[in-house]
Amino acid sequence: MKEATRKPFKIGCFGPGQNSVIVSDRYYNDNIALAMDLAAALNEEFKYLRNLGLEAIQIIDVLPAYTQDLWQIKAVNRMLEGLDDLISIWHICYGSVDAQTDVWEDKAAEMMPMFESANVTAVHFESAHRDFRELESYRGFPRNKVLGLGFIDVKEPNIENPEKVANRIRRVLDAGIVPAERLLVMPDCGLGYMSRTVAAAKLRAMGDGVRMVRDEL
């Protein structure tokens, strides 16, 4: 990455909780013990990568939408132990395999109590595809963290224009959920199922929409 760009970059990984339920457990027979050891292993890896110039980590995690067991917080915190100097974003995934939704229910309100003690910079939720219908649930979001929301729909192949993105941002800011400095503008999820051309155009529209709103603040 450092050879490819001089701009800041992040590396993504499945969270230890999600990893613990999708790997083949042939030793532990204990989901939590497995998650904690996976977290310790990831911690060592990220410390190594930090020494090579890593600046940000994005945790990709669908598990909190299925269960709100608080051991997940302990696992995430163990993974990030000693990495407070890095930006950390916990992406709560509602599913996007082949651009199909996995979790249809609204889970934001149930998940909110999980994040107060999570040692992450930001928590990010799919929003655009759901037309921001969980907006009121985000009022319970911790005040010591940045709220990331999706303003680009990664399940919709048509490209948003900057005005549409700007209107979505204004809608969130006008609702008074978080101040502008604590709102992180992101796509709903990854753009890996889009063509390179569509993905680039969507990201360009997102950036242009952000600039439009920033000029108004």
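What is the volume of the second largest pocket? In this predicted model, the second largest pocket has a volume of about 240 Å³, and the largest pocket one of about 800 Å³. A pocket is an open set of points, on a 1 Å grid over the protein atoms alone, where a 1.4 Å probe fits, with protein on both sides within 12 Å along at least five of seven lines; lining residues have an atom within 4 Å of a point. The volume is the space filled by probe spheres set on the points, which are joined across faces, edges and corners.

Residues are numbered from 1 along each chain as its sequence is written. Because the model is predicted, local features need pLDDT of at least 70 and side-chain atom pairs count only at pLDDT 80 or more, whereas totals for chains, interfaces and linings use all residues; side-chain values use heavy atoms, without hydrogens and water.

Six strands form an open sheet in the order 1-2-3-4-5-6, with parallel pairing. Strands (E, at least two residues) and helices (H or I, at least four) are DSSP runs numbered from the N terminus, and two strands pair if DSSP finds at least two bridges between them. Strand 1 (10-14) and strand 6 (183-187) each have a single partner strand and stand at the edges, so one side of each is left without a neighbour in the sheet. Strand 1 runs parallel to strand 2 (residues 56-61), and five bridges join them; Lys-10 has Ala-56 as its bridge partner in strand 2.

The largest pocket is lined by 29 residues, and those nearest its centre are Lys-10, Gln-58, Met-186, Cys-189 and Gly-190. At least two lining residues come from each of strand 1, strand 2, strand 3 (87-92), strand 6 and helix 7 (196-214). The lining comprises 19 nonpolar, eight polar and two charged residues. Here Ala, Val, Leu, Ile, Met, Phe, Trp, Tyr, Cys and Pro count as nonpolar, Asp, Glu, Lys and Arg as charged, and the others, Gly among them, as polar.

Residues lining the second largest pocket include Ile-169, Leu-184, Met-206 and Arg-214. Helix 6, strand 6 and helix 7 are the elements that give two or more residues to this lining, and helix 7 supplies the largest share, five residues. Ten residues of the lining of the second largest pocket are nonpolar, one is polar and one is charged.

Thr-67 lies in the loop between helix 3 (63-66) and helix 4 (71-79). Apart from neighbours within four places in sequence, Thr-67 is in contact (heavy atoms within 4.5 Å) with Gln-72 and Met-114. Thr-67 and Ala-128 are 61 residues apart in sequence and 23 Å apart in space, C-alpha to C-alpha.
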